Structures are given as C-alpha cells and as structure tokens.
Amino acid sequence: MQTSDDTLQASSPTVQPDLTHARFPLGQLAATPGVLALLEQHRVSLFDLLARHASGVDWGDVGTEDAQANDQALIHGTRLLSCYTLVPGNPDTRVWIISEADRSVTTALKPSEY
C-alpha cells in the first residue's frame, strides 16, 4: 500500500510499538487520517494497539471465528485482523488493524474507511 492523502505513515524513527513479544512482523505501518483523529480524540496510542495486535494473543473485539482465523493465519501466513473498541459499547470508536498476508504492511483504520 502506498502512502497517499487518505493514508498516513504511522511509523516514526523515535516512537515505535514495543514489539518485544511480537509473533509476526508488522511491515510498513500506515494509518488513515480518520483513525488518527479518533485515537487522538480518545487519547489512545496507536503504538499500544499495534503492540497488542503483534502479540498474536490479543485480537481485541473480534468474534470467536475471526480469532480462530487469526490463529490459523499465524501458521499459514494469511491476513490478520484485530478490532479494538476505544469506548466499550460504542461501535463508532472501533479501530481495525489489518496485517497483509505477506506482512509487508499493517494498516490502522476505522471500519467505515475499509
């Protein structure tokens, strides 16, 4: 995925997610302007969410089938999806984090931006 007006690079040389317990590489990091605004509004660190995603343990608010699909994706190298709800019970505060099958790119976005 190329960075464009609709997608901003989320990585910075000085601020990176703690990947001590990462089970897969995130690749290039990208985030949409909408998700960055949502995270700022709720004072949530994108890097904390990326670390949760990369841990391969905390997929957030995905259903059982999606969690099992993610567990299989770790073995077979397919796409990974985590969903984190910033305000419990408020679906408008959901953040999706998607790592592509080849692990070249991980993107944070709002579901409405998919």
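A residue counts as buried when its relative accessible area is under 20%. With that in mind, welcome to this structure, which is a predicted model.

**The strands β3 and β4**

Strand β3 has a partner: β3 and β4 pair in the antiparallel sense, over six bridges. To find one of these bridges in the view above, look for Leu80, whose bridge partner in β4 is Ser99.

**The nonpolar core**

In soluble globular proteins, nonpolar side chains tend to be buried together. Here the largest nonpolar core has 23 residues. Leu39, Leu49, Leu50, Val95 and Ile97 are the residues with the most contacts inside this core. Two or more residues come from each of β2, α1 (33–41), α2 (46–55), α3 (64–76), β3 and β4. Of these elements, α2 gives the most, with five residues.

Setting aside residues up to four places away in sequence, Leu39 touches Val44, Leu46, Leu49, Leu86 and Val95. Two of these, Leu49 and Val95, are also listed with Leu39 among the residues with the most contacts inside the core.

**Thr93, between β3 and β4**

The loop between β3 and β4 holds Thr93. Is Thr93 buried or exposed? Thr93 is buried, because its relative accessible area is 3%, and the cut-off for buried is under 20%. A polar atom of the Thr93 side chain lies 3.0 Å from the backbone nitrogen of Val87. Beyond residues up to four places away in sequence, Thr93 touches Leu38, His42, Tyr84, Thr85, Leu86 and Val87.

**The loop between β1 and β2**

Another loop worth a visit runs between β1 (8–9) and β2 (28–31), and Ala22 is found there. Arg23 is in the loop between β1 and β2 as well. Ala22 is partly exposed, with a relative accessible area of 33%.

| Pair | Apart in sequence | C-alpha to C-alpha |
|---|---|---|
| Ala22 and Val57 | 35 residues | 9.5 Å |
| Arg23 and Gly56 | 33 residues | 5.8 Å |

The side chain of Arg23 reaches the backbone oxygen of Gly56 at 3.1 Å. Apart from neighbours within four places in sequence, Arg23 is in contact with Ala54, Ser55, Gly56 and Leu74.

**Rings**

Which residue lies over the face of Phe24? That residue is Arg103, at 5.4 Å from the ring centre.

How many aromatic pairs does the model have? The count comes to one. Trp96 and Tyr114 form this pair, and the arrangement is edge-to-face, with 5.6 Å from centre to centre and 70 degrees between the planes. The pair links distant parts of the chain, with Trp96 in strand β4 (residues 94–99) and Tyr114 in the segment after β5 (105–109), 18 residues apart. Trp96 is partly exposed, at a relative accessible area of 21%, whereas Tyr114 counts as exposed at 62% relative accessibility.

Conventions. Residues numbered from 1 in each chain as written. Predicted model: local features only at pLDDT ≥ 70, side-chain atom pairs only at ≥ 80, totals over all residues. Heavy atoms only, no water. Phe/Tyr/Trp six-rings, centres within 6.5 Å; stacked < 30°, edge-to-face > 60°. Helix = DSSP H or I, 4+ residues; strand = E, 2+ residues; numbered from the N terminus. Buried < 20%, exposed > 50% of the residue type's maximum accessible area, 1.4 Å probe, protein only. Lys NZ or Arg CZ within 6 Å of the ring centre and 35° of its normal. Pairing = 2+ DSSP bridges. Core = buried A, V, L, I, M, F, W, Y, C linked by side-chain atoms within 4.5 Å. Contact = heavy atoms within 4.5 Å. Polar contact = N/O pair within 3.5 Å; in protein donor to acceptor, adjacent residues only side chain to side chain.
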